[in-house]
Amino acid sequence: MNIKTYRGEAILFIVTLIAASGWFFSKYSIAEFPPLGFIGLRFSVAALLFLPFAYPQLKQLSKQQIIRATAVGLCYTFYLTLWLLGLLNSRHFGEGAFLVSLSMLIAPLLSWLFFKQAPHKLFRLSLPAAALGLYLLSYKPGGLSLSLGSLIFLSSSLSAAIYFILNNKFARNIPILSLTTIQIGVVGLCCSLYSLCFESWSQPISAQAWLWFAASVLIATNLRMLLQTMGQKYCDVTNGAIIMILEPVWTLMLSVLILHETLSVYKLAGCALILLALIIYRLPWLRTKTDR
């Protein structure tokens, strides 16, 4: 077997592990960093690391392209802020990761509602499974209930879906490296300005917290984006989409191992149904079959 044939898939597999680890890098960083200050500093440093490589592309962008990339970056900022608030208000990262992953199904729904872009036929199968999964995640004997953290994660999945739509609609013709640099730069600038105005930096930050911060920047941001771009280059789009679905699975496993998260039978079934819905919507052979 030729290893090069599957190098894209292997790279994206590593990306999902890094993405899941990023939840915990961030959690341990914000134990000492001001929350928005952490996001601001993290993405500012990441943007500066990308800037020398993206500069040739940035010089060639039109004013309209820069405005569009900046606007989508503002939406990305809103999504990351909600995601961070979810981290602050929840210890159930596995459940949260599956709630955030719903953005992949919310995006085609919103695109259908607002831009009249009908999703693939499989969406009609995957949406009921996802809805039932969400119901089971929120089910408790005696009624339905989602924790504050879970509600925030669910809100962040909605904002992530809006970001995906806008990014696809308004920024698809912008080179990836320059687009990424602008967007994470916008996140870094907005969150840093907010933190300087409204958050306190008086608490001393330990060397350990700085190490978690470095891991968040170098591994969970720069390395992840670099590998994801590389993996998508060498991997079939549909195969890549399926592999990326693994992120909430790894997050759940790490949450059980590190945070000792426990899930009821209902919540496990809910996670399984959401995963099934994502697989149904992304599975290439099913798409081919329903297109006949």
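## Packing of α2 against α3

In this predicted model, helix α2 (residues 35-60) packs with helix α3 (residues 63-88) at an angle of about 155 degrees, and the axes of the two helices lie 12 Å apart. Because angles over 145 degrees count as roughly antiparallel, α2 and α3 are therefore roughly antiparallel to each other. The crossing in which α2 passes α3 is right-handed.

On the α2 side, the residues that take part are Pro35, Leu36, Phe38, Ile39, Phe43 and Gln60, and these meet Gln65, Tyr76, Leu80, Thr81, Leu84 and Leu88 of α3. Divided by class, the contact of α2 with α3 comprises nine nonpolar and three polar residues, with no charged residue among them.

## Packing of α4 against α12

Helix α4 (residues 93-101) and helix α12 (residues 265-282) have axes that come within 10 Å of each other and that cross at roughly 30 degrees. Since angles under 35 degrees count as roughly parallel, this crossing angle makes α4 roughly parallel to α12. Here α4 passes α12 in a crossing that is left-handed.

The contact is formed by Glu95, Phe98 and Ser101 from α4, together with Lys267, Cys271, Ile274, Leu275 and Leu278 from α12. In terms of residue class, the contact of α4 with α12 consists of five nonpolar residues, one polar residue and two charged residues.

## The two pairs side by side

The α2 and α3 pair is roughly antiparallel and has a right-handed crossing, whereas α4 is roughly parallel to α12 and passes α12 in a left-handed crossing.

Terms used. Residues numbered from 1 in each chain as written. Predicted model: local features only at pLDDT ≥ 70, side-chain atom pairs only at ≥ 80, totals over all residues. Heavy atoms only, no water. Axes fitted to C-alpha atoms, helices over the stretch in contact; angles between N-to-C directions. Helix = DSSP H or I, 4+ residues; strand = E, 2+ residues; numbered from the N terminus. Parallel < 35°, antiparallel > 145°, perpendicular 65-115°, else oblique. Left-handed = near helix turned anticlockwise from the far one by under 90°. Contact = heavy atoms within 4.5 Å. Nonpolar A, V, L, I, M, F, W, Y, C, P; charged D, E, K, R; others polar.
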